[in-house]
Each structure stands twice: as C-alpha cells, then as structure tokens.
Amino acid sequence: FLTVELMDYRDIPKCGQTFDRIVSVGMVEHVGRDNYQLFMDCAKAVLKPGGLFLLHFISALKEHPGDPWIKKYIFLAVSFRACGKCFPVRRRTVFTRWTWKI
C-alpha cells in the first residue's frame, strides 16, 4: 500500500505518522546548505526504528558552481557540494552505509 502526499518537508514531523521507508530523490539540491541538517532531522523524526532512508542527490568530487545551462534551466542558484562536505551531516543522522558510483 502506497500513499503519496505533497507537503513541505518541514511539516512532515507534524503529521503524526512514522514510516518504515523514506525515499528522497533530488530534494537536497533544493533545500539549500543551511537546511541540510533540518532536512535530515525531519526525516529522522518520522523514521521508525530500523527503518530505511534512501537519499539520492547530485554531488561532485570537488565543489563547483555548476554548468551555466543547468543553473539556468534546472537548478536555479545551486552549487554542487563536494561529496566529502556532505559526510559530516550524514554522521549525525540516520545513515550507516553509502554506495558511490562514479
């Protein structure tokens, strides 16, 4: 059984539900660096013990501002964070394993 709801990630902890699985595809690019930890905390708040949180995001080996075309048409005002810069957030939250394909 699958239910899909459109809502702001900051409102999810207020919904009164917990989840066995959470999937986030391409969300990190849009919440902004200042909100990475808040985003992770919101997911952790509603994830059941032993649950699975799949986080998919675009990163790079080195920090860079991104391609001008991509910034104009896909990711407005986004710079791609280096993979290593995301790890400190990960260690304080719910992740235990990463798989990287480069």
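**Close-up views of a predicted protein model**

In this predicted model, 60% of the contacts between residues at least 6 apart in sequence join residues at least 24 apart.

**Figure 1. Overall arrangement of secondary structure in the predicted model.** The protein contains four helices and two strands. Read from the N terminus, these elements follow the order β-α-α-β-α-α. Of the 102 residues in the protein, 29% are buried.

**Figure 2. The largest nonpolar core.** In soluble globular proteins, nonpolar side chains tend to be buried together. The largest nonpolar core of the protein comprises 14 residues, and those with the most contacts inside this core are Ile 22, Val 28, Phe 39, Phe 53 and Leu 55. Helix 1 (28-31), helix 2 (36-46) and strand 2 are the elements that give two or more residues to the core. With six residues, helix 2 gives the most. Beyond its neighbours within four places in sequence, Ile 22 is in contact with Ala 43, Val 46, Leu 47, Leu 52, Phe 53 and Leu 54.

Figure 3. A pair of aromatic rings is described by the distance of the centres and the angle of the planes. The model has three aromatic pairs. In one of them, the ring centres of Tyr 9 and Phe 39 are 5.3 Å apart and the planes stand at 75°, so this pair is edge-to-face. Because Tyr 9 belongs to the segment before strand 1 and Phe 39 to helix 2, the pair ties together parts of the chain that are 30 residues apart in sequence. A further pair, that of Phe 39 and Phe 53, is tilted, with 6.5 Å from centre to centre and 55° between the planes. This pair also links distant parts of the chain, since Phe 39 is in helix 2 and Phe 53 is in strand 2, 14 residues apart. Together, Tyr 9, Phe 39 and Phe 53 form one aromatic cluster. Tyr 9 is buried, at a relative accessible area of 10%. Phe 39 is likewise buried, at 6%, and Phe 53 is buried at 8%.

Figure 4. Ser 24 is located in strand 1 (residues 19-25). Its relative accessibility is 7%, and Ser 24 therefore counts as buried, the cut-off being under 20%. When neighbours within four places in sequence are set aside, the residues in contact with Ser 24 are Phe 39, Phe 53, Leu 54, Leu 55 and His 56. Among these contacts, Phe 39 and Phe 53 are also members of the aromatic cluster, and Phe 39, Phe 53 and Leu 55 are among the core residues with the most contacts inside the core.

Figure 5. Val 23, Val 25 and Leu 54 make a nonpolar surface patch of about 290 Å². Leu 54 has its place in strand 2 (residues 47-56). The relative accessibility of Leu 54 is 45%, so this residue counts as partly exposed. Leu 54 is in contact with Ile 22 and with Ser 24.

Figure 6. The structure holds three salt bridges. In the one shown here, the side chains of Asp 20 and Lys 48 meet at 3.5 Å, N to O. Asp 20 lies in strand 1 and Lys 48 in strand 2, and the pair links distant parts of the chain, 28 residues apart. Asp 20 is partly exposed, at 44% relative accessibility, and Lys 48 is partly exposed at 34%.

Figure 7. Asp 8 and Arg 10 form a salt bridge in which the closest N and O atoms are 2.6 Å apart. Asp 8 counts as partly exposed, at 28% relative accessibility, as does Arg 10 at 43%. A salt bridge also joins Lys 14 to Asp 11, and here the closest N and O atoms are 3.3 Å apart. Lys 14 counts as exposed because its relative accessibility is 65%, whereas Asp 11 is partly exposed, with a relative accessible area of 34%.

Note on methods
Residues are numbered from 1 along each chain as its sequence is written. This is a predicted model: local features need pLDDT of at least 70, side-chain atom pairs count only at pLDDT 80 or more; totals for chains, interfaces and linings use all residues. Side-chain values use heavy atoms; hydrogens and water are left out. Buried means under 20% relative accessible area, exposed over 50%, partly exposed in between (1.4 Å probe, protein chains only). Contact means heavy atoms within 4.5 Å. Patches are made of residues with over 30% relative accessible area and no salt bridge: like charges are joined within 9 Å, nonpolar side chains (Val, Leu, Ile, Met, Phe, Trp, Tyr) within 5 Å. Accessible areas come from the Shrake-Rupley method with a 1.4 Å probe; for residues, only the protein chains shown count as cover. A salt bridge is a side-chain nitrogen of Lys or Arg within 4 Å of a carboxyl oxygen of Asp or Glu. A nonpolar core is a set of buried Ala, Val, Leu, Ile, Met, Phe, Trp, Tyr and Cys residues joined through side-chain atoms within 4.5 Å. Rings of Phe, Tyr and Trp (its six-membered ring) pair if their centres lie within 6.5 Å; planes under 30 degrees apart count as stacked, over 60 as edge-to-face and the rest as tilted.
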